[in-house]
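Q: I have a new structure open and want to learn how to read it. Can we take the strands, then the rings, then the open space?

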Amino acid sequence: MSKAPQSIVITGASSGIGRALALELAAPGVSLGLLGRQEAKLTEVAALCQAKGAVVQVGCVDVTDATGLALWFKGFDEVYPIDWVLANAGVTASIGPDGNLEKLAEANSLLAANLNGVLNT
């Protein structure tokens, strides 16, 4: 039987599913690493998780920044050895009102965050 995770990192934790996961997993005895690009929203989520008893460390890091992400993970893991990583960060685009697909640069940005961001994580 495996033990419950005590140290969890969530990317994309400033909103949406990442925020919901952070709030659901926050509890006494749990250390959360919350990553995202929106510092004010991360701070808000961190405060809510701390109110539930979790120890929280935030990182305003973009998952497309492989070097910055690696440094953050290394520092967090040294203090709170990581049990789980929830690679949740992602971005989206949509077909425009005229039915045209996104431009190549936008498609590459999607891949950078949604594919390479997971690999970087």
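A: Strands and helices here are DSSP runs, numbered from the N terminus (helices H or I, at least four residues; strands E, at least two). This is a predicted model, in which local features need pLDDT of at least 70 and side-chain atom pairs count only at pLDDT 80 or more, while totals for chains, interfaces and linings use all residues. Residues are numbered from 1 along each chain as its sequence is written, and side-chain values use heavy atoms, with hydrogens and water left out.

Q: How many bridges join β1 to β2?
A: Two strands pair if DSSP finds at least two bridges between them. Here four bridges join β1 to β2, and the two run parallel. The chain passes from β1 through α1 to β2 in a right-handed β-α-β crossover. Right-handed means that, with the strands pointing away from the viewer, the path from the first strand over the helix to the second runs clockwise.

Q: What does β1 pair with in the parallel sense over three bridges?
A: That partner is strand β4 (residues 84-86). In β4, Trp84 is the bridge partner of Ile8.

Q: Which way do the side chains of β1 point?
A: In a regular strand, side chains alternate between the two faces of the sheet. In β1 (residues 7-10), Ser7 and Val9 point one way, Ile8 and Ile10 the other. All are buried. Buried means under 20% relative accessible area, exposed over 50%, partly exposed in between (1.4 Å probe, protein chains only).

Q: How many aromatic pairs are there?
A: Rings of Phe, Tyr and Trp (its six-membered ring) pair if their centres lie within 6.5 Å; planes under 30 degrees apart are stacked, over 60 edge-to-face, the rest tilted. The whole structure has three such pairs. Trp72 and Phe73 are edge-to-face, because their ring centres lie 5.7 Å apart with planes at 90°. Both are buried. Phe76 and Tyr80 make a tilted pair, 5.1 Å centre to centre with 40° between the planes.

Q: Is Tyr80 buried or partly exposed?
A: Tyr80 is partly exposed, at 24% relative accessible area. Phe76 is buried, at 0%. Trp72, Phe73, Phe76 and Tyr80 form one aromatic cluster.

Q: Where is empty space left?
A: Rolling a probe the size of a water molecule over the atoms shows it. A pocket is an open set of points on a 1 Å grid over the protein atoms alone, where a 1.4 Å probe fits, with protein on both sides within 12 Å along at least five of seven lines; lining residues have an atom within 4 Å of a point. The largest pocket holds about 330 Å³, a volume filled by probe spheres set on the points, which are joined across faces, edges and corners. Among its 19 lining residues, Gly12, Arg37, Ala89, Gly90 and Val91 are the closest to its centre.
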